[in-house]
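Please read this briefing with the sequence and the coordinates side by side. The points that follow are grouped by topic, beginning with a question about one residue and its surroundings.

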Amino acid sequence: MRRRRAEKREVLGDPKYSSELVSRFMNVIMESGKKTVAEGIVYGALAILAEKVTEEPVLKAFGKAVDNVRPRVELKARRVGGATYQVPIDVAPARGTSLALRWIRDFARKKKGKSMVQKLADELVAAYKQEGAAIKKRDETHKMAEANKAFSHFRW
């Protein structure tokens, strides 16, 4: 028997833009508690994003990039009588954002030969333009959910 759900922590806005989303992104990027390093990487990437996307303000562009990557459905493994089914379920907005931020980070880290600031900026620009590895991952997830739609009655 499980106890209660852990309550969500309030994330304070970041120092420069006082945006909760940017602050969460910094926490996703941060390794070994090195917040200052993460801050430098994120602000550097946002500065490059601002240069490359001139149509709208940098925060809007960042928000749109994350929104483009955010999955609407995901698969959860569900055991029914010895068989495991991949059941498509809707993604809660907070979880969708977390997944999007993680995917952007992971695909930026996988690239080779540039600084993290540059890699992250490239991934954000690609996400803004509806292209790149993170968008491909979202489409793949949606396609898998579509393929397993027959098992959606096992949703719990």
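Leaving aside its neighbours within four places in sequence, which residues is leucine 124 in contact with? In this predicted model, the residues that leucine 124 contacts, beyond those within four places in sequence, are Phe25, Ala45, Leu46, Leu49, Phe62, Ala65 and Ile104.

**Nonpolar core**

- The largest nonpolar core consists of 36 residues, and those with the most contacts inside it are Phe25, Leu49, Phe62, Leu120 and Leu124.
- At least two residues of this core are supplied by each of H1, helix H2 (35-52), H3, H4, helix H5 (116-128) and helix H6 (133-147), and the largest share, eight residues, comes from H2.

**Helix H3 against helix H4**

- The axes of helix H3 (residues 58-69) and helix H4 (residues 93-110) come within 8 Å of each other and cross at roughly 100°, and because angles of 65 to 115 degrees count as roughly perpendicular, H3 is described as roughly perpendicular to H4.
- On the H3 side the contact involves Phe62, Val66 and Val69, which meet Thr97, Ala100, Leu101, Trp103 and Ile104 in H4.
- Sorted by class, the residues of the contact of H3 with H4 comprise seven nonpolar and one polar, with no charged residue among them.

**Helix H4 against helix H5**

- H4 and H5 pack with their axes 9 Å apart and at an angle of about 125°, which makes H4 oblique to H5.
- The crossing in which H4 passes H5 is right-handed, and the contact is made by Ile104, Arg105, Phe107, Ala108 and Arg109 of H4 together with Met116, Lys119, Leu120, Glu123 and Leu124 of H5.
- The contact of H4 with H5 has six nonpolar and four charged residues, and no polar ones.

**Segment before helix H1**

- Arginine 2 lies in the segment before helix H1 (20-29), and with a relative accessible area of 80% arginine 2 is exposed, because the cut-off for exposed is over 50%.
- Between arginine 2 and glutamine 130 there are 40 Å in space, C-alpha to C-alpha, and the two residues are 128 residues apart in sequence.
- Alanine 6 also lies in the segment before H1, where alanine 6 counts as exposed at 68% relative accessibility.
- Alanine 6 and tryptophan 103 are 97 residues apart in sequence, and their C-alpha atoms are 24 Å apart in space; tryptophan 103 is one of the H4 residues that H3 meets.

Conventions:
Residues numbered from 1 in each chain as written. Predicted model: local features only at pLDDT ≥ 70, side-chain atom pairs only at ≥ 80, totals over all residues. Heavy atoms only, no water. Helix = DSSP H or I, 4+ residues; strand = E, 2+ residues; numbered from the N terminus. Buried < 20%, exposed > 50% of the residue type's maximum accessible area, 1.4 Å probe, protein only. Axes fitted to C-alpha atoms, helices over the stretch in contact; angles between N-to-C directions. Parallel < 35°, antiparallel > 145°, perpendicular 65-115°, else oblique. Contact = heavy atoms within 4.5 Å. Nonpolar A, V, L, I, M, F, W, Y, C, P; charged D, E, K, R; others polar. Core = buried A, V, L, I, M, F, W, Y, C linked by side-chain atoms within 4.5 Å. Left-handed = near helix turned anticlockwise from the far one by under 90°.
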